[in-house]
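Here are my notebook entries from an afternoon with this model.

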There are 4 protein chains.
Amino acid sequence: MLILMRSGATPEQIEAACQAVRDLGLTPHPIPGAMRTAIGITGNRGALEPSLFTRLDGVADAVPVSQPYKLVSREVKPEDTIIEVGPARLGGGSLCVMAGPCSVETRDQVLTTAAYVKAGGATMLRGGAFKPRTSPYEFQGLREEGLELLAEAREATGLPIITEVKDTESLALVARYADVLQVGARNMQNFSLLERLGDLDKPVMLKRGLASTVKEWLMAAEYIVSRGNRRVILCERGIRTFETATRNTLDLGIVPLLRAQTHLPIVVDPSHGTGYAAGVTPMARAAVATGVDGIMIEVHPDPCKALSDGPQALTFAMFDALMVDVRAIAAVMKQRV
Amino acid sequence: MLILMRSGATPEQIEAACQAVRDLGLTPHPIPGAMRTAIGITGNRGALEPSLFTRLDGVADAVPVSQPYKLVSREVKPEDTIIEVGPARLGGGSLCVMAGPCSVETRDQVLTTAAYVKAGGATMLRGGAFKPRTSPYEFQGLREEGLELLAEAREATGLPIITEVKDTESLALVARYADVLQVGARNMQNFSLLERLGDLDKPVMLKRGLASTVKEWLMAAEYIVSRGNRRVILCERGIRTFETATRNTLDLGIVPLLRAQTHLPIVVDPSHGTGYAAGVTPMARAAVATGVDGIMIEVHPDPCKALSDGPQALTFAMFDALMVDVRAIAAVMKQRV
Amino acid sequence: MLILMRSGATPEQIEAACQAVRDLGLTPHPIPGAMRTAIGITGNRGALEPSLFTRLDGVADAVPVSQPYKLVSREVKPEDTIIEVGPARLGGGSLCVMAGPCSVETRDQVLTTAAYVKAGGATMLRGGAFKPRTSPYEFQGLREEGLELLAEAREATGLPIITEVKDTESLALVARYADVLQVGARNMQNFSLLERLGDLDKPVMLKRGLASTVKEWLMAAEYIVSRGNRRVILCERGIRTFETATRNTLDLGIVPLLRAQTHLPIVVDPSHGTGYAAGVTPMARAAVATGVDGIMIEVHPDPCKALSDGPQALTFAMFDALMVDVRAIAAVMKQRV
Amino acid sequence: MLILMRSGATPEQIEAACQAVRDLGLTPHPIPGAMRTAIGITGNRGALEPSLFTRLDGVADAVPVSQPYKLVSREVKPEDTIIEVGPARLGGGSLCVMAGPCSVETRDQVLTTAAYVKAGGATMLRGGAFKPRTSPYEFQGLREEGLELLAEAREATGLPIITEVKDTESLALVARYADVLQVGARNMQNFSLLERLGDLDKPVMLKRGLASTVKEWLMAAEYIVSRGNRRVILCERGIRTFETATRNTLDLGIVPLLRAQTHLPIVVDPSHGTGYAAGVTPMARAAVATGVDGIMIEVHPDPCKALSDGPQALTFAMFDALMVDVRAIAAVMKQRV
C-alpha cells in the first residue's frame with residue numbers, strides 16, 4: 001500500500017497518516033517529493049483496505065501495490081499445475097479437447113455425440129444436465145436423468161465427463177457422476193458454492209464471469225484452492241462488452257497474462273465465446289495458437305433442433321473439420337492432442 | 001419472430017422456411033420485398049429460439065419481436081405494485097429511505113447507527129450479516145450474531161430490516177430475522193436462490209447484476225414472481241463499464257424505462273453506485289429526481305474503521321445533510337418521505 | 001512513479017533500477033518490504049513512461065502516482081471558472097439551459113423553436129449545421145445556410161448560439177457565427193481540432209467521448225487550455241456500455257468527481273444521454289440535482305419528422321413541462337435559471 | 001423496417017401506422033398475431049428512421065431489418081478485394097507482415113529497424129511521423145522529418161511504407177510519402193478525414209475505434225469506398241472494455257464475422273491489442289490462426305528507450321521468434337508469408 005498525500009498537505013497531516021500506519025502495527029516510509037509526499041508501508045501480510053487511509057485529512061489516495069491472491073499465483077508456486085482425469089490431461093504440454101452437446105437432451109443424442117467426438121479425438125465429454133437459464137420458461141435440463149445418460153456415455157466411450165454444477169443443493173448428486181465439475185460464468189462469484197467445491201477432492205473448471213476481471217477470477221479460484229482443493233482449471237468463455245455482433249467477446253489476450261500470473265491450467269470455450277457456429281473453428285484455432293491447455297466445443301447431431309445454444313453448436317462434420325485444424329495448430333505448438 | 005431471408009434466396013428456400021414454421025404448428029406470413037423476403041410468424045405463445053430458423057439455407061437472420069418476460073411487465077399488470085413493510089412503503093408515492101452500515105460489526109455500531117438514521121428519517125434499516133466478498137481472506141460478516149443484532153436494533157427503533165441473503169443454505173435463517181431479503185448483484189442470476197425466494201411469502205429486493213441488461217434483470221425478477229412471490233423490489237446499484245474513476249457506473253437512465261416496462265417498485269443505491277462518499281449525496285438527490293420509490297444509503301459511525309466499503313459510507317453528519325437534500329427533492333416530486 | 005520490484009529481486013537488480021532512475025536525473029527512494037522492495041521516485045516534473053522501468057530485470061510493475069493534467073485541475077486553480085456568453089452564464093451558481101433542434105432543417109423550424117424555448121426559459125440556442133453522421137447516406141446538415149438561420153434566430157431572440165464544429169476546414173466559418181463552439185463526442189480526441197480551438201478566443205464545449213475516461217477527457221481539455229483558450233465547458237452526454245436498452249448510459253456519477261478535480265463548468269446532455277424522449281425530463285431533473293452548471297436539450301416542433309435524433313427530441317409541450325421541473329429542482333440547488 | 005404495434009393497439013391505430021407508411025410512398029404489410037400486430041414495410045431503398053413510426057400512438061417499436069452499408073458488403077461484391085502495394089499483398093491468400101517502430105525517432109533507429117524486419121520477413125514498414133497523443137505534453141512525432149526518414153528506409157529496403165495520417169491538414173504531405181495511409185482508432189469516425197481519403201487513389205488502412213461496433217466500422221469504410229477509393233483495409237486493434245489488465249481487448253472473434261459480411265482485407269494489430277510485449281507473439285499467432293490477411297507489429301531496437309508505446313514493442317530477437325511462429329501457423333492456413 002502506498003499513501004499519496006495531497007500537494008500542500010501539512011507536516012501534521014503527513015505525521016497523522018504515518019501514525020495511522022503505526023497504529024496498525026506497520027511501518028510507514030515517507031518519501032518527500034517536489035509536488036507531494038508519498039508514504040510506503042511495510043510489515044503487512046495481506047492487502048490493506050485503502051479506506052483506512054483515504055479519508056484522513058490531506059490524503060489524496062491509497063494505492064494497493066501487491067496482488068491479493070496467493071496460492072494460485074506463480075510467485076508462490078512457479079511450476080505448472082497438471083491435472084489428470086482418466087485418460088485426459090490438463091497442463092504439461094497436452095491439449096485437452098472437451099466436446100459434446102450443450103444440454104443432454106435424449107439418450108440417443110448424447111450416446112451418438114459421445115461416440116462421434118471420441119472417434120474424432122475428443123478426450124473429455126461435455127454435456128449439461130442442470131442448466132441455468134436466463135428465463136424461467138426455458139428448458140432447464142434433464143437433471144439426474146441427464147447425469148445418468150452422461151455416465152452411460154462414459155461407460156460406452158471411456159471419456160471422462162465434465163458437467164455443470166449450478167448450486168450447492170445438487171452438488172453432491174452432480175459430484176457422484178462428474179469427473180470434472182464445471183462452474184458457470186454466472187456462478188463465478190457464488191462464494192458459497194466455491195467454498196463447497198474447495199472441500200471436495202475433485203477437479204473444478206471455473207469459467208470466467210461475464211464481467212469479471214482477471215484479478216477477480218483468480219480470487220474466485222483462490223476461494224477453492226485456499227480450502228484445499230488444488231485441482232482448479234480456468235476457462236475463458238467470453239466477456240460482455242458493448243459489441244453485440246457476437247454473443248460474447250472472447251478475451252484471448254489475457255491468456256499470456258494468465259500464464260505469467262498463475263500456474264493453473266487454462267481452457268478456452270470458443271462456442272460461448274463467439275456464439276455463432278461459423279466463428280467456433282477459427283477461434284478454436286486461435287485459442288490453441290495462444291498456447292492453452294484445452295478447448296471446450298459444443299457439438300450436436302442436429303443443431304437446428306437443439307434445446308439450447310443451437311446457433312453455436314457444430315455439426316459432426318464441422319467438428320471433424322475443426323479437429324483437423326486443431327491438430328495442425330497443436331503440432332506447431334508442440335502439444336499432444 | 002421474424003425470419004429474414006437473404007437477398008437472392010430462392011423460392012424453394014423461402015418455402016422451406018415457411019414449412020419449418022408450419023412444422024412447429026405455427027403460421028408463416030411471407031412479406032416479399034424489393035431487396036429480400038421476410039416471414040412473420042403467428043400462433044406462438046412464448047419466445048422462439050432463433051436457431052430454429054437461422055441455420056436453414058437462405059435465411060439471413062431471425063429476429064425476436066416480443067419481450068420474454070410477462071408477469072413483471074406493465075402489459076400484463078398496468079398498475080404499480082405497492083409493497084408495505086411495517087411502517088415503510090415502496091411504491092405509490094412514498095420515498096423509502098433504507099440506511100445503515102454496510103456490515104454489522106458490533107452491537108454498539110449497529111444500535112447507534114440505527115437510532116441515528118431513524119431520528120434522521122430513515123424508514124428501513126440496512127446491514128449485512130452474511131457478506132459475499134471478492135477475496136476469501138476478507139471479513140465475511142458476523143452471520144447469525146449479526147442477524148440478532150439487527151433484530152435488536154429493530155426492537156429498539158421500530159425500523160424494519162433489510163439484509164442480504166447470499167445462499168440457499170442460510171436462507172431459512174436469514175428469513176427468520178429479515179423483513180426484506182436482499183439479493184446482491186453477484187447473485188442476480190443465481191437461479192436456485194431465486195426459485196427458493198419465489199416460494200417464500202416475504203418481500204425480496206433484487207439488485208441488478210454488474211453486467212446485466214434490463215431484460216435479464218426483469219427475467220430474474222420473473223423467476224421469483226412466476227413461483228408466486230409477487231413482492232419484488234428492483235434495485236439499481238451501478239454497472240461495470242470501462243470507467244474506473246468511480247467504483248461503478250450508476251445507470252439512472254434506465255429508471256424511466258423500467259417505469260414504462262414494469263410495475264415493480266424501483267430503489268437506487270448510490271453508495272455502491274458511486275463508491276466514494278462525496279458522490280453519494282449528489283447521486284441520492286439525482287436518484288430521487290428521476291422518480292424512484294426508494295434509496296439505500298450506507299452510514300457508519302466511523303467510516304475510516306469500517307470493515308467493508310469504508311470509502312463510500314457516510315458519517316452521521318453527512319447523512320443528516322443528505323436527508324435535508326433528499327426531503328427537498330422529494331417535495332418537488334410530491335413524494336412522502 | 002513507484003517502481004515495484006518482484007519478490008525475489010536481487011540487490012543487484014534493485015540497484016540497477018535505482019541507477020536507471022538516476023540516469024534520468026531523478027532520485028530513487030528504495031522502500032524495503034517483507035515481500036518485495038518498492039522504489040519511489042522524486043524530482044520529475046511530469047509523468048514518466050512506465051516502460052522506462054518495467055522491462056528491467058526484476059521489476060514487476062511501475063505505477064504512476066500523479067495526474068497528467070495540470071491547467072484544468074483544481075490543484076492548480078482552486079476557484080470555479082465562470083464563462084459568460086451574452087446573457088448566459090456557465091458556472092458560479094447559474095443554471096444554463098441550452099435548447100433547440102438537433103439539426104437546423106428549415107427557417108421556420110429553427111425560428112419557431114428558438115422563439116418557443118426562449119419564452120420557456122432557455123438561455124442558449126442549440127442547433128446543428130454540420131452534422132457528423134455514422135452513415136455517408138444520412139442527412140449531413142445545411143452547413144452555411146444552417147449557420148445563417150441560427151444567426152437569424154439569435155437576432156430574433158437574443159439567445160446566444162452553440163453549434164458543433166466538426167473539422168478544422170469549417171472551423172473559421174463556424175466560428176464566425178457561433179457564440180460557443182461545440183466539439184462532438186467522436187471528436188473529443190481529434191487533437192488537431194483541439195489545438196486550433198486552443199488558439200481561438202471563443203468558448204468551447206467539449207463533449208465526452210463515447211468510451212473516454214474522465215482522465216482522457218480532462219487531458220483533451222488540457223489540449224485546448226494549454227494553448228491559451230481557458231474558456232472550456234465539459235459536457236457529459238452518455239457513454240457506451242453493454243446496455244443497449246438506452247442509446248447511451250448517462251454517467252452522472254462522475255459529476256461530483258469532476259467538481260473535485262477541475263474548475264471548469266459542467267453541462268449534461270440528457271437527450272443523447274438517454275436517447276428516448278420519455279427519459280429526457282427525468283434525467284434533466286437528475287442532472288440538475290447533481291449540481292451541474294447547465295443542461296442541453298433537443299426540442300423539435302414535430303419530432304416524428306425530424307431529420308436526425310427524432311426519438312429523443314422533446315415536443316414544445318414536453319419542453320414546457322421539463323422547464324417546470326427543472327426550475328423546481330434548481331431552486332432546491334439554489335441556482336438561478 | 002418492421003413496425004411492432006402494442007398488444008391492445010386499436011384497429012384505428014394500426015391503420016394510422018399503415019397510412020404513415022403509405023405517406024412515405026411505401027407499402028405496409030400488416031401481420032395480425034395472437035398477442036399483437038406487426039407491420040412489414042416494402043418499397044424503401046435505404047434504411048428508415050425508426051422514429052418515423054415509434055412515436056405514433058399504439059406503436060411499441062420499429063425494428064430495422066437491413067444493413068445500412070452496401071458497397072463494402074459481400075452481398076454487393078461477393079469476391080475478396082485484393083490490394084497490392086509494391087511487393088506486399090493484402091487478400092487472396094497472402095499474409096502481409098507490417099512491422100516497425102511505433103514512432104520514427106531517429107535516422108539510425110528507423111533504418112536499423114527497417115533493415116532488420118525486412119531480413120526477418122516483413123513485407124511492409126510501419127512507423128509513425130504524426131502521433132496523436134492523449135496528452136499535449138507527450139512526444140507528437142517528428143512530422144515531415146519522420147516521413148523523410150521513412151522514405152529513406154523504403155529506398156534502402158524496398159519495403160512499402162504504412163504511416164498514420166492524423167488530420168486533413170497534413171494529408172497531402174503524408175500522402176506524398178506513404179504507400180498506405182493509416183487511420184487511427186480515434187479517427188475512425190473523423191468523417192471529414194474519411195471523405196478526403198475517399199477522394200484519393202491510395203490504399204487506406206482503417207483501424208477500428210476503441211468503442212466502435214462492427215456495423216459502425218463498416219459504415220466508416222463505406223464513407224471512403226462510396227467516394228470512389230475502393231482500396232480499404234480493416235484493422236482490428238483492440239477495443240475498450242471493463243478489463244484493464246491488458247491495454248485493450250483484442251476482439252478476434254469478429255474476424256470470421258467480418259469475412260462473411262465484407263470483401264475487404266482484414267489486418268490485426270496485436271501490439272496495441274494487448275499492450276504488453278509478452279502478449280504480442282501469442283496473439284499474433286492467434287490472429288493468423290483466425291485467417292486474417294495481415295498483422296501489424298511494433299518493433300524497436302531498445303524498447304526501454306522508446307518515446308511511445310515501449311511496453312508493447314518487441315526487441316529484434318523477439319521479432320525473429322515471432323516470425324518463426326507466424327510462418328508455422330501461416331503454413332497451416334496455407335498462406336504465403
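**Ground rules.** This is a predicted model, where local features need pLDDT of at least 70, side-chain atom pairs count only at pLDDT 80 or more, and totals for chains, interfaces and linings use all residues. Residues are numbered from 1 along each chain as its sequence is written, while chains are lettered from A and ligands numbered from 1 in the order in which they are written.

**Entry 1: chain A overall.** I found 11 helices and 14 strands in chain A (DSSP runs numbered from the N terminus: H or I of at least four residues for helices, E of at least two for strands). The C-alpha trace of chain A spans about 75 × 40 × 40 Å along its principal axes. Of its 337 residues, 59% count as buried (20 or more other C-beta atoms within 10 Å of the residue's own, with C-beta atoms placed from the backbone). I also checked contacts (C-beta atoms, placed from the backbone, within 7 Å): among those in chain A between residues at least 6 apart in sequence, 65% join residues at least 24 apart.

**Entry 2: back to the helix pair.** The axes of helix 3 (residues 107-120) and helix 11 of chain A come within 10 Å and cross at roughly 20° (lines fitted to C-alpha atoms over the stretch in contact, with angles from 0 to 180 degrees between N-to-C directions). That makes helix 3 of chain A roughly parallel to helix 11 of chain A (angles under 35 degrees). From helix 3, I noted Tyr116(A), Val117(A) and Gly120(A); from helix 11, Phe316(A), Phe319(A), Asp320(A) and Met323(A). These divide into five nonpolar, one polar and one charged (Ala, Val, Leu, Ile, Met, Phe, Trp, Tyr, Cys and Pro are nonpolar, Asp, Glu, Lys and Arg charged, the others, Gly among them, polar).

**Entry 3: chain A meets chain D.** I see 33 residues from chain A and 33 residues from chain D in this contact. On the chain A side, helices 8 (255-261), 9 (270-274), 10 (277-290) and 11 (316-332) each give two or more residues. Helix 10 of chain A gives the most, with eight residues. By class, the chain A side has 20 nonpolar, 10 polar and three charged residues.

**Entry 4: a helix in chain C.** Seven of the eight residues of helix 6 (residues 191-198) of chain C are buried, so this helix is largely enclosed by the rest of the structure. Among the buried ones I listed Phe191(C), Leu194(C) and Arg196(C). The buried residues of helix 6 pack against helix 5 (171-177), strand 10 (180-183), strand 11 (204-207) and helix 7 (214-225) of chain C.

Technical notes. Buried ≥ 20, exposed ≤ 12 C-beta atoms within 10 Å, placed from the backbone. Contact = placed C-beta atoms within 7 Å. Parallel < 35°, antiparallel > 145°, perpendicular 65-115°, else oblique.
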